[in-house]
Amino acid sequence: MENLFIFPIISIFPEIKISSSLSNPNVKPINDQLAGISMEIIEQIGFGTINRSFQTNPLPFDTYGAISGVFMLFLWLITYIFCIILLDAELMSQKTAKIIYFVTLIIGGMLLVSIPNTLIPFSEILTAIAEKEDLWYLLPVLAILTILFGSSLLVGRVFCGFACPLGTFQELLSMFNFKSNIKAQRANKYHIELSRQYTVWMRIYYTGFLFVFAIFGINFLNSLALLDPFSGFSVLRPSVTGFVLISFLGLVVVGIASFFIYRPYCRIFCPFGAGSDICSRYAKNNYIRTDDCTDCGLCEQICPTQEASADSNKGECYYCNRCVEICPENAIKLNLEG
Ligand code: SF4
Ligand code: SF4
């Protein structure tokens, strides 16, 4: 019970499995192993000493999870604030963005084994529904989702654009086939454009399917590792299990698909993406066209998600900056005064 009040924020990270498992013995973590790996890394970077002192004087909650979770929340906040500052100052060039994508991918994806992982709160919710647990078990994850969706309500998909390891993985791969140059993009025969409506509805159907099955006692996110490509990042760690190998296969499939379809996982499958899209539609602070816009239409032609039109709600804008790069009038700005 104590965990509920101590961990409302940290549970987004793999350590939620430990926290939740402590508060609720019925919760079956999908990635206990990943949580273990994550702990090992935290130990390596120096938090182990703190943890050992807690072990000799144990508190009624998971101190390891708390320490590592707070560290990771800190990591996410730094990325988030840093990116908003860069976008606002018009300093988010493609080169800078690439560096951020790589840093997120290497630190969050490979070293910290996919952190933050937005599937975990959903997995918790689906488990609670499938196993008919008391709803108060969901309070921590609902708090987490409220914070993340709140950030989408504020400035749209900055989290998806720069802080999610799976998102940055797809973004980097998409650069091979989704250019910031109309000529190159027209010459490119290997990209598949999916309509915005199609992807949005696919994601809603898929998320709805997960919830309907959970009502009947089946949590597909827990059962099918292929549905959790986030966990595939841990393949580089020692002692890899079959679960991780299957997730890795899912990650490879997402990677290959990213050459042809812009952010396939984000746009078709991610349950967080479904909610974040809806929240971002109401965000007052996102990219707008200034009076310098001459309506040349270049940004609309280059945008991989059909979000560059003047009246678009930007629900699927990942701040990829292709529109900003191509605009000859420098007329696309982040509006923070909405
Ligand atoms: S939509 Fe999902 S997978 Fe894509 S960046 Fe956002 S949280 Fe990550
Ligand atoms: S509107 Fe611009 S920044 Fe947003 S997804 Fe489209 S091209 Fe990328």
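**A helix crossing and its setting**

Modeller: The crossing of H5 and H9 is left-handed, a term used when the near helix is turned anticlockwise from the far one by less than a right angle, with clockwise giving right-handed. The model is predicted, so local features need pLDDT of at least 70 and side-chain atom pairs count only at pLDDT 80 or more, while totals for chains, interfaces and linings use all residues. Residues are numbered from 1 along each chain as its sequence is written, and chains are lettered from A and ligands numbered from 1 in the order in which they are written.

Helix H5 covers residues 94-111 and helix H9 residues 165-174, and their axes come within 8 Å and cross at roughly 135 degrees. This angle makes H5 oblique to H9 (under 35 degrees is roughly parallel, over 145 roughly antiparallel, 65 to 115 roughly perpendicular, and the rest oblique). On the H5 side, the contact is made by Tyr-101, Thr-104, Leu-105, Gly-108 and Gly-109, and on the H9 side by Pro-165, Thr-168, Phe-169, Glu-171 and Leu-172. By class, the residues of this contact are five nonpolar, four polar and one charged. Here, contact requires C-beta atoms, placed from the backbone, to lie within 7 Å; the axes are lines fitted to C-alpha atoms over the stretch in contact, with angles from 0 to 180 degrees between N-to-C directions. Ala, Val, Leu, Ile, Met, Phe, Trp, Tyr, Cys and Pro count as nonpolar, Asp, Glu, Lys and Arg as charged, and the others, Gly among them, as polar.

As for the setting, the protein chain has 17 helices and two strands, which are DSSP runs numbered from the N terminus (H or I of at least four residues for helices, E of at least two for strands). Of its 338 residues, 46% are buried, meaning that 20 or more other C-beta atoms, placed from the backbone, lie within 10 Å of the residue's own, whereas 12 or fewer make it exposed and values in between partly exposed. Among contacts between residues at least 6 apart in sequence, 74% join residues at least 24 apart. Ser-152, in helix H7 (residues 139-155), has 24 C-beta neighbours inside 10 Å and therefore counts as buried. Its C-alpha lies 8.8 Å from that of Ile-278, although Ser-152 and Ile-278 are 126 residues apart in sequence.

Conventions
Two residues are in contact if their C-beta atoms, placed from the backbone, lie within 7 Å.
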